[in-house]
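Work through the exercises below with the sequence and the model open beside you. Each task is followed by a solution in steps.

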Amino acid sequence: MDIIVCIKRVAQTAEADVKIDSSGKDIVKDRLTFDMNESDTYALEEAILLKEKFGGTLTAVSLGTVQAEDTLRIALAKGADSAIRIKAEDFEGLDGYKTAQLLKAAIKDLKFDVVFTGCIATDDYYSQVGVTLAELLGVPHATLVTKIDIQDTKAQVHRELEGGLIEHLDMTLPALFTIQTGINEPRYASLIAIRRAAKKEIKVIGASEIEPTGIQANASLEELFTPPAGKRAEILSGSMDEISAKVAGIIKEKGLI
Amino acid sequence: MNTEVREAIIESGGDDVIKCYQCGRCMAACPWNLLGGLNYATYRFCQRIKLGAIIDSEEKEAIAADTIDVFRCVGCDACKSECPRGVGLSDVLRAVRRILVDFDSYPGELKSVVARLFNSGNPLGEPAEKRADWAEGLNIPQYTEACEYLYFPCCFPAYDARAKKVAQASARILKRAGISFGIMGKDEFCCGEAVRRVGAEKVFQTAVKQNTELFKKAKVQKVIATSPHCLVTFTREYPEYYDGFKTRHAVQVFDQLIKEKKIVPKKPFGKTVVYHDPCTLGRQMDIFDEPRAILKSIPGLNLVEVPVFNREFSVCCGGGSMGLWLDWPQDERLANIRTEQILETGADILCVACPYCLHMFEETMKSMDVDIEVMDISEILEASLD
């Protein structure tokens, strides 16, 4: 089975004090740590598990600057056979559509049965790349995948829906899956594999290797800003009983029950 | 044998492995082996590294178990004090961690702390602007060249609601004694001790750069630290980059102030107190007598010791090397073992001299539902002053 996993290096902003830079279109990154996007770590693990089960090849692909090669090396250390970096510095205005087009350009000549992406990136939260890439590749897709069982060219897939529901799909490979966190337990890398990965060659492709015709964004970033503080927040004070009574009163008053 | 793995670890600072002859004394000294059944085979680390056979499995579960074991060490150096060859096993494991951290192959809880510390300058992720809030109302000046000492509170006493009381008590004692000191507030960065021990060397270098530039600019020459972790880092690690200042722990200063009669503990304390030696203050900085001298100078205070496991044989609270952020199962917590030893003394008060110990024991006392109060030595001393 030949597998491709798309991964992204993102700033860890979950607990950080995020500031907008002077361009107004990006955040200040000099005091942020970077790591593989969270759901991509689960996508990578799912890819490794499939490769362990069925054999074949596993290629990791990332659109990013040279630092993304560090993230690709993590994929190599954990179990990817080869890695491709698409030079983000060669392309401007990267929205979800353009990113998917570039990923397609990088993998279109590779054999694949399954393509994995994370379900969402924790920097821009677009959730567009996986589904757009599937469309561009002309393969079926399932998003927010929480379980995959593959028999020959058939895949039984679980998707996470709202309200705790699970949707069960039967799909035919080749297909693309965007992976939800929690589907598996991402592994650590062994030291031997880390040393090996540190020396592995990463294929780098950019504007001179990718035919630019038709590759374009369909959305452009105008501005990043911090939303103004809401005016309707009210902090209730008093003892637990008093606060509870006030909350109950507000709910009744608004006719919510 | 994998010589490449061995060389990489040695290059990252693990050269002590060469000295080890696997006598096993480290394993007997390691606090993790006071837990029944864990069998933390510390004596095997060096030999495995010499063979390049560490975290070398092909199996996912075995790799995970080995990785967790590398991050289990709290850096208490109980092993080093017993080792006939002086092997610094915590430094050896730090070398392994550096390689793993560079590859982001380490526990997520620790990644979050490293990210917070790099971003905000403290492991709690609190805003730098609030770093001096603990000192509100105490009239402590911003440090200038005119001050004799810089008081460096450590991140926990600067931000944590409970630990703030330690910084406040310490500052009030220094003021009563007429010590000239100031604070840096928002410009100060975590000393970086834990982040270095965990292997995040690049973040440690950021901490060193920010603090040493600050100290140089302000012409800081003498520092008083509340945390022995800051003390050991400023004393042993920073001189490689900048050695223009000397650091003393608060207990050293308090002890001297009592001896010089600049403060006189007069109010009877009337309680039985057991003193817990923090690993970094005791074993690592050889400061055992000063805290005991302070406690003995307080009238009515009955000082007791944990039998056997006191002074250089003290057992770690589990908070070092970011252990504070690792959530071990109940039966795998060093603080629980130490608490049981402490409870056997029958003391009313557990006296600590380290913000990590304070936090670890406060949390442990809550989870074990036991009746003993945890106080920092500065709080006990202040209570005995008129």
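**Exercise 1. Describe chain A as a whole.**

Step 1. Chain A has a secondary structure of six helices and eleven strands, where helices (H or I, at least four residues) and strands (E, at least two) are DSSP runs numbered from the N terminus. The model is predicted: local features need pLDDT of at least 70 and side-chain atom pairs count only at pLDDT 80 or more, while totals for chains, interfaces and linings use all residues. Residues are numbered from 1 along each chain as its sequence is written, and chains are lettered from A and ligands numbered from 1 in the order in which they are written.

Step 2. The C-alpha trace of chain A spans about 65 × 45 × 40 Å along its principal axes.

Step 3. Of the 257 residues in chain A, 37% are buried. A residue is buried if 20 or more other C-beta atoms lie within 10 Å of its own, exposed if 12 or fewer, and partly exposed in between, with C-beta atoms placed from the backbone.

Step 4. Among contacts in chain A with a separation of 6 or more, 69% are between residues 24 or more positions apart. Two residues are in contact if their C-beta atoms, placed from the backbone, lie within 7 Å.

**Exercise 2. Trace the parallel pairings of β5(A).**

Step 1. Strand β4 (residues 57-64) of chain A pairs with strand β5 (residues 82-87) of chain A in the parallel sense, over six bridges. Strands pair if DSSP finds at least two bridges between them.

Step 2. In this pairing, K87(A) of β5(A) stands opposite G64(A).

Step 3. Helix α2 (residues 68-78) of chain A carries the chain from β4(A) to β5(A) in a right-handed β-α-β crossover. Right-handed says that, with the strands pointing away from the viewer, the path from the first strand over the helix to the second runs clockwise.

Step 4. β5(A) also runs parallel to strand β11 (residues 203-205) of chain A, joined by three bridges. There R85(A) has V204(A) as its bridge partner.

**Exercise 3. Which domains make up chain B, and how do domain 1 and domain 2 of chain B meet?**

Step 1. Chain B is divided into domain 1 (3-106), domain 2 (109-255) and domain 3 (263-383); the bounds come from an automatic or database domain assignment.

Step 2. The centres of domain 1 and domain 2 of chain B, taken over C-alpha atoms, are 30 Å apart.

Step 3. Nine residues of domain 1 of chain B contact seven residues of domain 2 of chain B. On the domain 1 side, helix α6 (residues 89-102) of chain B gives the largest share, six residues.

**Exercise 4. Find the residues of chain B that touch chain A.**

Step 1. The contact takes 26 residues from chain B and 20 residues from chain A.

Step 2. α7(B) gives the most to the chain B side, with eight residues.
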